[in-house]
Amino acid sequence: MSYSSYTNATQNNNNNQVLSNSSAFDGEGGYLINQTFPFYSLVNEILTHNLTNALQLKYNLRDINYKIGVVTDKDGKHLVSNFDSTSGYLTTETLQIDSTDFLNNLTPSNIITIGALEPIYSDFIATIRRYFNGDITVGGSFFNINNGVFDKGALINIANGHNFDVEGSIVSDISGVTSIKDINDKLQRAIAKNPFNNRDQTTRIRDGFQEGDVVFIPEGLTIRLSIDINPGPIYGNSGVLALDASANDLNLNNSETERSQTKFFKTTTYDLSNITQVYTVPLSFILTNETSYAYQDYAVNWDEVGKLAGKSWNKVAVSSDGHYMTAINTVGEIYCSSNYGRIPSWSRKFSIPANDVCSINMSFNGKYQVACNGASIFVSSNYGKTNSWSKTLEIDNTIINTNVSLNGQYQAVVSSGDGLYQSTNYGITWKKYDENADVIESIKTFPNASIALSFTGRYQTIVSQYVWYSHDYGVTWRNATGIDDPYEQEDWVDVCVSSIGDVQYAAIQNGYIYKSIDYGLSWTKIIHSELSIPRNFSSISCSAKGDHITATENGGRIYHSIDAGVTWSATDVLVSSKAWKSVAVSANGQYQVACTHKANAVSGVVFTSIL
């Protein structure tokens, strides 16, 4: 190295400068660094699938959104969601579609195609014929399942246990469940990449699934066909040897390669005593706003829950999707249904001390429930199940009414002649509102009082001597009607609020129904021929949007509207006791529950109305 080169290299090294060209000694060998990265999986990616062989079913968008806490109206328009306002994520990460949901959705109009299921009966018959070298008879008739036809009707029949009149045939109950996990992640990817071409820059996770979304279940439906043989053929060109020899002709099984391409599994096993053929096909749910609900029949048809007759019922409640219903009577018995109010599903879950003023209500998803008997408050945070209730507060013995914000966090009990009790932590602890507040003086003055909360609990309305509203989660209350209004000091009996809180309805005992479209600030009397004279209203409830309304008349009929109170109809339910006490409406109006009180020695009844 020349002197000049040595000097340059030393100066560069001391100054931490990057060398461009320099003299250097030659060496040999080397080092190795191996860096690995986490395994990358496409499991959450929204992939493209070949759906040719899949069983494709329409699934109602509103019903599937209910399962993740997203409430939409009958047209699929977003109303409210159970989501974290800070993160923007839905609080539900997994939804399940059980066998009951599947069957309820399995209708001819909902089945788009049965895919690779079409040949299963003809295949099975052909396999049996080859095995026996001809037709066989079962119960004196040729063995022939539905003439070898497997279509939409056959799928519905077998799913509901029909055996196509084959003597001795047994069809098991459908079982199983499908699920969608990582909901927030999937919805975020759908928003970012818009693979279904149904989202834009305004779409948020809280909007849930959208019409046109497709859910793919790789091994969605398995049908197993089996026949026992005693004894099986062991001679000639029939039996096991015949199927062995004709496996290619009958295509008894498909290979792994074929399965990956066709997206369905077909396997056949056979021996001297049995032949079994199993088909497994993918399942695709195509989300749609199409519905078969007859909304013109809203609140028209009511079915008596016979097993709940003979008691004096006080209050009913329903979850937003109608899945959970509950009712409480004066004995303090709490009865619940976890199957959309269907009559066999009702059972007694808990009892609180008896009182004529027992009341109950629940959150949007039915998880949080609050009951009161005028002396104590009881809460459940597990859908009203038997061992989930606990007493959280003792109060004065008085007339009460309960309500729960749809997210369950805010709960309220308003007690006529006493005051207002509030909880902001799902009913765990309670606080009585300021005794000196004007709203409390109003509650103490009149014998009736009711309270309603919006989805988040921000908007609340109390009816008693006057109508009172709060826009800050019940912290401050203001008089909406005012002492100079023509309906001041009326006997307000009940109030209901839309999920957002903007649309509200209130009913007066021996009076009329009023409506507010500005979160309870101002009210207008509803004018209609059915409501032209004072009615003895006892309760009122509305759908999440406020367009479907039902009001009960003590000793009279049930009044209802499907156009936000513009037009009204009345239903005269044939029931011994017409002392209608309470009614509750699900978010979309599809499910309702109502009850009657004991009157003139005639016991009350619980009724459901399902579209």
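Strand E26 (residues 460–463) directs Gln460 and Ile462 to one side and Thr461 and Val463 to the other, and all of these residues are buried. Helices (H or I, at least four residues) and strands (E, at least two) are DSSP runs numbered from the N terminus. Buried denotes under 20% relative accessible area, exposed over 50%, and partly exposed the range in between, with a 1.4 Å probe and protein chains only. In a regular strand the side chains alternate between the two faces of the sheet.

The model is predicted: local features need pLDDT of at least 70 and side-chain atom pairs count only at pLDDT 80 or more, while totals for chains, interfaces and linings use all residues. Residues are numbered from 1 along each chain as its sequence is written, and side-chain values use heavy atoms, leaving out hydrogens and water.

**Strand pairing**

Two strands are taken to pair if DSSP finds at least two bridges between them. Strand E25 (residues 450–453) runs antiparallel to E26 and is joined to it by four bridges. Within this pairing, Ile451 stands opposite Ile462 in E26. The two strands E25 and E26 form a hairpin with six residues between them, and Gly457 in the turn has a positive phi of about 90°. On to strand E27 (residues 467–470), E26 is again joined by four bridges in an antiparallel arrangement. Here Gln460 stands opposite Ser470 in E27, and the hairpin of E26 and E27 has three residues between its strands.

An open sheet is formed by four strands in the order E17-E18-E19-E20, with antiparallel pairing. Its edge strands, E17 (359–362) and E20 (389–394), each pair on one side only. From one strand to the next the twist averages 20°; such angles lie between axes fitted as lines to C-alpha atoms, for helices over the stretch in contact, and run from 0 to 180 degrees between N-to-C directions. Strand E18 (residues 369–372) and strand E19 (residues 376–380) run antiparallel and are joined by four bridges, with Gln369 opposite Ser380 in E19.

**Salt bridges**

A search of the whole structure finds 12 salt bridges. The criterion is a side-chain nitrogen of Lys or Arg within 4 Å of a carboxyl oxygen of Asp or Glu. The table gives examples.

| Asp101 | Lys67 | 2.8 Å |

Asp101 and Lys67 meet in a salt bridge. Asp101 belongs to helix H3 (residues 99–105) and Lys67 to the loop between helix H2 (61–66) and strand E2 (70–72), so the pair ties together parts that are 34 residues apart in sequence. Asp101 is buried, with a relative accessible area of 9%, whereas Lys67 is partly exposed at 22%.

Asp213 and Arg199 are both buried.

Lys432, Glu435 and Lys444 are linked in a network of salt bridges.

**Nonpolar cores**

A nonpolar core is a set of buried Ala, Val, Leu, Ile, Met, Phe, Trp, Tyr and Cys residues joined through side-chain atoms within 4.5 Å. The largest has 52 residues, and those with the most contacts inside it are Leu55, Leu117, Phe150, Leu155, Phe209 and Phe285. Two or more residues of this core come from each of strand E1 (55–60), H2, strand E4 (95–98), helix H4 (120–132), helix H5 (152–159), H6, E9 and strand E11 (274–288). Leaving aside neighbours within four places in sequence, Phe209 is in contact (heavy atoms within 4.5 Å) with residues including Leu61, Ile64, Leu95, Leu187 and Arg199. Another core lies apart from the largest one and has 16 residues, among them Ala437, Ile440, Ile443 and Leu453.

**Positive phi outside glycine**

Asn133, a residue other than glycine, has a positive phi near 60°. Asn133 is found in the loop between H4 and strand E6 (137–138) and is exposed at 55% relative accessibility. Tyr519 likewise is not a glycine and has a positive phi of about 65°. Tyr519 lies in the loop between strand E31 (513–516) and strand E32 (524–525), and is partly exposed at 26% relative accessibility.
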